[in-house]
Amino acid sequence: MSSHPASASDQEGFLQSPVSDNSKPKTKNSKLVTENSTLKTQNSKLCFVCVGAGRGSRFGGDKLAQALGGRTVFEAALGALVAAIPTAPLVVVVAPERLQAWRNRLRPDFPEALLVGGGARRQDSVRAGVEAAIALGAEVVAIHDAARPLVNARDVVSVVDGLGGADGAILTARVSDTVKRITSDDLVTGTMDRDGLRLALTPQVVRVACLLKAWETAGGNSEWTDESALLENAGMRVRSVVARHPNPKITTPSDLHEIRALVEVAG
């Protein structure tokens, strides 16, 4: 697996076209990036921020250290990001008490990744990662949850491309089931139109300047579920980019079983 820059001296041209065959990272997702793919945001300074600082309370342990296709869940998620845009620096956010353990584990395949300690909440961990990316000179950040190890490299490229002139862009999934609106006592009051609904996934791509402004607008005591919600609250434009491949999140042990089954089917 190829390394990627994480030092301030290597920041020119963060976002470039995918590399040629002889320099592609050696990951299972490398072949998923088309050779003729060109990224529209050619001159933007992009940095990946992969967040894996959660306590895994609902899982019952460190879900990111679980085995998945010969690697850990964490390594699978990072590998997909690197396969998509190998030139982009990578900031990895982990629980502070696991910082050295993950540094030792990830160093062989991601030698130039910058590891930083996260906070009590997801949004605190995201902020720690983004601040590290800003220190590297990033102008655009693509924030990904490490608990989504099956994110497809083509989808990563699509959501980065999808930023366009918007303030942010998020990977989403169409809603396949019928959605009902209910009252507090569980009475159904209506059926929602699925055409206007999407499930939020990651990566979520945000312009750093917009994110800083959104943080200021939200204030220190506010909480938000994801970066899109933060930008929405600030009145900014966020574009939905529908994923073409499965991108499930591991929350419980049953989620991990299902993801392992998907990996086995994919070979």
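Seven salt bridges are present in the structure, a salt bridge being a side-chain nitrogen of Lys or Arg within 4 Å of a carboxyl oxygen of Asp or Glu. The structure is a predicted model, in which local features need pLDDT of at least 70 and side-chain atom pairs count only at pLDDT 80 or more, whereas totals for chains, interfaces and linings use all residues. Residues are numbered from 1 along each chain as its sequence is written, and side-chain values use heavy atoms, with hydrogens and water left out.

One of the salt bridges is formed by D62 and R98, whose closest N and O atoms are 3.2 Å apart. Because D62 lies in the loop between β1 (46–52) and β2 (67–68) and R98 in the loop between β4 (90–94) and α2, this pair ties together parts that are 36 residues apart in sequence. Helices (H or I, at least four residues) and strands (E, at least two) are DSSP runs, numbered from the N terminus. D62 is partly exposed at 27% relative accessibility, and R98 is likewise partly exposed at 32%. Here buried means under 20% relative accessible area, exposed over 50%, and partly exposed in between, with a 1.4 Å probe and protein chains only.

A further salt bridge joins the side chains of R121 and D124, at 2.9 Å from N to O. R121 has a relative accessible area of 28% and is partly exposed; D124, with 27%, is also partly exposed. The side chain of E223 meets that of R121 in another salt bridge, with an N to O distance of 3.4 Å. This second pair links distant parts of the chain, since E223 is in the loop between α5 (208–218) and α6 (227–233) and R121 in the loop between β5 (114–117) and α3, 102 residues apart. E223 counts as exposed, at 62% relative accessibility. Through shared partners, the salt bridges join R121, D124 and E223 into one network.

A contrasting case is D167, which is buried yet has no salt bridge. The nearest side chain of opposite charge, that of R237, is 4.2 Å away; Lys and Arg count as positive and Asp and Glu as negative, while His and the chain ends are not counted. D167 is located in the loop between α4 (153–162) and β7 (168–174). A polar atom of the D167 side chain lies 2.8 Å from the backbone nitrogen of R237. Such a polar contact is a pair of N or O atoms within 3.5 Å; within protein, one must be able to donate a hydrogen and the other to accept it, and residues adjacent in sequence count only if both atoms are side-chain atoms. Neighbours within four places in sequence aside, D167 is in contact (heavy atoms within 4.5 Å) with V205, V206, R207, C210, L231, M236 and R237.

Among aromatic side chains, a search of the whole structure finds one pair. The ring centres of F74 and W102 are 4.8 Å apart and the planes stand at 70 degrees, so the pair is edge-to-face. Rings of Phe, Tyr and Trp (its six-membered ring) pair if their centres lie within 6.5 Å; planes under 30 degrees apart count as stacked, over 60 as edge-to-face and the rest as tilted. F74 belongs to helix α1 (residues 73–84) and W102 to helix α2 (residues 99–106), so the pair ties together parts that are 28 residues apart in sequence. F74 is buried, with a relative accessible area of 0%, and W102 is buried at 3%. Elsewhere, R127 lies over the face of W215, at 4.1 Å from the ring centre; a charge sits over a ring if NZ of Lys or CZ of Arg is within 6 Å of the ring centre and within 35 degrees of the ring normal.

Backbone geometry was also examined. T202 and P203 are joined by a cis peptide bond with omega of about 15 degrees, and P203 is found in strand β10 (residues 198–207). D186, a residue other than glycine, has a positive phi near 70 degrees. D186 is in the loop between β8 (180–182) and β9 (188–191) and is exposed, at 58% relative accessibility.

Overall, the protein has seven helices and 11 strands. Of its 267 residues, 48% are buried. Among contacts with a separation of 6 or more, 75% are accounted for by residues 24 or more positions apart.
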